[in-house]
Amino acid sequence: EVQLVESGGGLVQAGGSLRLSCAASGFTFDDYAIGWFRQGPGKEREGLSCIILSDGTTHYKDSVKGRFTISSNNAENTVYLQINNLKPEDTGVYYCAAGSGGFTWMEYDYWGQGTQVTVSS
């Protein structure tokens, strides 16, 4: 059974940092890309970053470059998203997903349940 489990969300003040984790199981990790998505209140789910697990290539949405860093520990089947200098507009549910890569939900086959990030001003 494929499982993706996010953790690390919480309530933080603007300017703070968080590291989100995505623990994967049930599939061959290196065969996939992992993407991170965010769905803010009343907004559509948007792709933020992805990592190609076979070679570590990373991609970022322009609006998060410089503040978000995606990384992986392939030995532990875990992908991380480090978020620095958090802003209130970063508030939302963060999802990780496994698929072919990219920034659209259609490119992903498996999804986690999400972890809530709330940034207070």
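View 1. The model is predicted. The protein chain has 11 strands and 0 helices. Its radius of gyration is 13 Å, close to the 14 Å that the globule rule gives for 121 residues, so the chain is as compact as a globular protein of that length. Along the principal axes, the C-alpha trace spans about 40 × 25 × 25 Å.

**View 2. Surface and interior of the protein chain.** Of its 121 residues, 41% count as buried. The chain exposes about 6,000 Å². Carbon and sulfur atoms supply 46% of that area. Take the contacts between residues at least 6 apart in sequence: 56% of them join residues at least 24 apart.

**View 3. An open sheet of 4 strands, ordered β1-β3-β8-β7.** Pairing in this sheet is antiparallel. Which strands lie at the edges? They are β1, residues 3-7, and β7, residues 68-73. Each of these edge strands pairs on one side only. From one strand to the next, the twist averages 15 degrees.

**View 4. Strands β3 and β8, paired within the open sheet.** Strand β3 covers residues 18-25, and β8 covers residues 78-83. The two run antiparallel and are joined by 6 bridges.

**View 5. Strand β4, mostly covered.** This strand spans residues 33-39. How many of its 7 residues are buried? The count is 6. Strand β4 pairs with β5 and is also joined to β9.

**View 6. The hairpin of β4 and β5.** Strand β5 covers residues 45-52. It pairs with β4 in the antiparallel sense, over 7 bridges. A33 stands opposite I52 in β5. Between the two strands of the hairpin lie 5 residues. Look for G42 here: this glycine takes a positive phi near 70 degrees.

**View 7. Strand β4 against strand β9.** Strand β9 covers residues 92-99. The two strands run antiparallel, with 7 bridges between them. R38 stands opposite Y94 in β9.

**View 8. The disulfide of C22 and C96.** The count for the model is 1 disulfide. Its sulfur atoms are 2.1 Å apart. The pair links distant parts of the chain: C22 sits in strand β3 and C96 in strand β9, 74 residues apart. Is the disulfide right-handed or left-handed? The torsion about the S-S bond is about 70 degrees, so the disulfide is right-handed. Both ends are covered. C22 is buried, with a relative accessible area of 1%. C96 also counts as buried, at 0% relative accessibility.

**View 9. C50, a cysteine too far from C22 for a bond.** How far is the sulfur of C50 from the closest cysteine sulfur? The distance is 13 Å, and that closest sulfur belongs to C22. A disulfide needs sulfur atoms within 2.5 Å, so the sulfur of C50 is too far away for a bond. Is C50 buried or exposed? At 1% relative accessibility, C50 counts as buried.

Methods:
Residues numbered from 1 in each chain as written. Predicted model: local features only at pLDDT ≥ 70, side-chain atom pairs only at ≥ 80, totals over all residues. Heavy atoms only, no water. Pairing = 2+ DSSP bridges. Axes fitted to C-alpha atoms, helices over the stretch in contact; angles between N-to-C directions. Buried < 20%, exposed > 50% of the residue type's maximum accessible area, 1.4 Å probe, protein only. Rg over C-alpha atoms; globule rule 2.2 N^0.38 Å. Contact = heavy atoms within 4.5 Å. Areas by Shrake-Rupley, 256 points an atom, 1.4 Å probe, with all protein chains shown as cover.
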